[in-house]
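Open the model in your viewer and keep the selection panel at hand.

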Amino acid sequence: MPHTNRKKKSSPTTAPGEQKKKVVVHTKRKEVLDEEGWVHVVDTPRTRRSIVSKGAKSLHAGDFELDGVQYINRTLDEMREEFKYWKKSWEADIASVELKKALEGRGEGGVKKCVVLGLGSLQSARREGRRASFTQLAALETLLSIFGLSLRAIRREKIPAVFQEPQFTDTDKQLLRELGYEVVEDPTAFGDIEENSLVYAIHCYADVYKKISEQKRPAIFIGTDVENSGRFTLSETAEVTAKALDEMVKQYEAIDFPQIRHDFSDTKIYWRKNEEAKP
Ligand SMILES: C[S@@+](CC[C@H](N)C(=O)[O-])C[C@H]1O[C@@H](n2cnc3c(N)ncnc32)[C@H](O)[C@@H]1O
């Protein structure tokens with residue numbers, strides 16, 4: 001029976017739950033740092049190959065699967081920690097400063113509700129996917145505070161901020177609700193889009209953008225650059241979507257979303273120019 005001691009070791013440079021596996025070889029024992037930051041002191045040494053192959057599996061396959069999507073195990077507490085980490089990282093990045101600068105003095109009072117589509121699961125087995133979703137959530141909080149929709153205001157004035165993402169897990173929903181947001185099932189959120197809405201839909205698919213274009217014109221739409229014709233596959237839906245979006249953004253002026261890694265690649269902020277929104 002192998003003997004295992006567990007002790008916590010945290011690293012300031014990696015996100016919670018993202019520690020890479022390290023093997024420290026002593027004379028006869030091995031310390032194995034697992035993905036949750038626990039150090040296991042193992043009497044019976046495992047071969048290097050068995051450690052590497054286990055690590056590779058957890059990197060690509062995830063811990064469980066729902067509707068064909070791979071997820072990793074996370075407690076609510078771990079999710080809180082991870083969000084705290086990526087929020088801090090976003091706030092320290094130049095992109096966050098640039099976003100605040102770009103929006104200074106704009107949109108005050110114009111945005112009264114927020115509709116967030118396709119954030120992605122914060123439990124995705126894809127590390128880059130998780131990182132993008134956490135960062136997009138952190139950036140959204142910056143936007144909300146710029147527009148005066150601080151979380152305090154949301155709670156006090158009950159201004160709705162609605163999230164819709166078919167891939168959300170129960171823990172995703174718990175975290176978002178704890179942060180003061182509403183989570184709804186597809187397709188409820190489309191009906192929540194109004195003239196005073198901020199629609200936040202980063203890297204969504206053509207059918208999501210098509211549905212957005214069929215609603216009332218929101219005050220602000222943040223999504224994939226409409227002018228980029230290569231953004232969708234060449235399907236019939238994609239063509240219809242591209243046309244509908246082109247029509248929609250005629251009433252808007254656009255600025256680039258500040259870049260951080262690929263988390264906001266090809267993303268624009270569209271402002272409705274005229275105060276009168278056309279249906
Ligand atoms: C390409 S992913 C983008 C995820 C994340 N925003 C990112 O940038 O990595 C598109 C997301 O849209 C979600 N989605 C698909 N249909 C949707 C719908 N009807 N409403 C909201 N989200 C939807 C998918 O589940 C998927 O997570």
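A salt bridge here is a side-chain nitrogen of Lys or Arg within 4 Å of a carboxyl oxygen of Asp or Glu. By that rule, the structure has twelve salt bridges. This is a predicted model: local features need pLDDT of at least 70, side-chain atom pairs count only at pLDDT 80 or more, and totals for chains, interfaces and linings use all residues. Residues are numbered from 1 along each chain as its sequence is written, and side-chain values use heavy atoms, with hydrogens and water left out.

**Stop 1: Asp 256 and Lys 268**

Select Asp 256 and Lys 268. Their side chains form a salt bridge, 2.9 Å from N to O. Asp 256 lies in strand S12 (residues 252-256) and Lys 268 in strand S13 (residues 267-272), so the bridge ties together parts twelve residues apart in sequence. Helices (H or I, at least four residues) and strands (E, at least two) are DSSP runs, numbered from the N terminus. Now colour by accessibility: buried means under 20% relative accessible area, exposed over 50%, partly exposed in between (1.4 Å probe, protein chains only). Asp 256 is exposed at 53%. Lys 268, at 18%, is buried.

**Stop 2: Arg 74, Glu 82 and Arg 130**

Next, show Arg 74, Glu 82 and Arg 130. Salt bridges with shared partners join these three into one network. Zoom in on Glu 82 and Arg 74: the closest N and O atoms of this salt bridge are 2.7 Å apart. Both Glu 82 and Arg 74 are buried.

**Stop 3: Lys 87 and Glu 141**

Move to Lys 87 and Glu 141. Here the N to O distance of the salt bridge is 2.6 Å. The pair links distant parts of the chain, 54 residues apart: Lys 87 sits in helix H2 (residues 76-91), Glu 141 in helix H4 (residues 127-146). Which end is buried, with a relative accessible area of 9%? That is Glu 141. Lys 87 is partly exposed at 22%.

**Stop 4: the ligand**

Now draw distances from the ligand's nitrogen atoms.

- Gly 118: a backbone N or O atom lies 2.8 Å from a ligand nitrogen.
- Ile 202: a polar backbone atom is 3.0 Å from a ligand nitrogen.
- Asp 186: a polar side-chain atom lies 3.1 Å from a ligand nitrogen.

Note on methods
A polar contact is a pair of N or O atoms within 3.5 Å; within protein, one must be able to donate a hydrogen and the other to accept it, and residues adjacent in sequence count only if both atoms are side-chain atoms.
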